[in-house]
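Colleague: Could you walk me through how the labels on this one were assigned?
Modeller: Gladly, let's take a look together.

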Amino acid sequence: MTKEVIVSISGLQFAEDGTNEPVEVITAGDYYNKNGKHYIVYDEVMEGFEGTTKNRIKLDKNLLDITKKGIANVHMLFEKDKKNLTYYSTPFGNLLIGIDAKQIEIKEEEHDIDVLVDYALEVNYEHLADCKIHMNIKSKEVGDFRISG
């Protein structure tokens with residue numbers, strides 16, 4: 001994997017009222033490997049706000065660790081069969097969120113990492129939605145970037 005990567009993150013929330021909310025981000029980022037763990041860093045722009053949010057993703061065997069610092073601030077841990085609580089600080093206020101990961105799959109190839117996470121999302125101890133995140137991190141030098149899912 002090269003230092004310069006293209007990061008694709010797509011997610012879908014399955015709300016209890018039957019609605020689905022798709023979200024997708026494709027951006028350039030930086031990749032490095034330290035002590036056998038994968039790290040991806042990239043900046044995110046929030047519509048309607050000045051400045052950026054710095055994102056750091058850490059991948060380990062059964063762990064997805066996402067840290068956001070800037071306009072929004074949060075440290076989210078996705079660990080299989082474990083519920084983690086954290087505060088999500090937004091320009092609109094703080095939310096207590098719970099993340100209960102049901103499945104984490106990480107597939108690694110030479111210039112490509114694919115991540116799939118199924119989890120339940122709680123806000124203030126109430127179930128909000130069942131969610132899926134699909135991430136693809138691909139070396140920028142590889143010409144055939146595509147989103148699978």
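Colleague: Why is Y125 called exposed?
Modeller: Exposed means over 50% relative accessible area, buried under 20%, and partly exposed in between (1.4 Å probe, protein chains only). Y125 has a relative accessible area of 58%, so Y125 is exposed. Keep in mind that this is a predicted model, where local features need pLDDT of at least 70, side-chain atom pairs count only at pLDDT 80 or more, and totals for chains, interfaces and linings use all residues. Residues are numbered from 1 along each chain as its sequence is written, and side-chain values use heavy atoms, with hydrogens and water left out.

Colleague: And what makes N124 partly exposed?
Modeller: N124 has 45% relative accessibility, so N124 counts as partly exposed. N124 sits in the loop between strand 9 (112-123) and strand 10 (126-139); strands are DSSP runs of E, at least two residues, numbered from the N terminus.

Colleague: Why does T2 count as buried?
Modeller: T2 has 19% relative accessibility, and therefore counts as buried. Contact means heavy atoms within 4.5 Å; leaving aside neighbours within four places in sequence, T2 is in contact with Y31, S139, K140 and E141.

Methods: Helix = DSSP H or I, 4+ residues; strand = E, 2+ residues; numbered from the N terminus.
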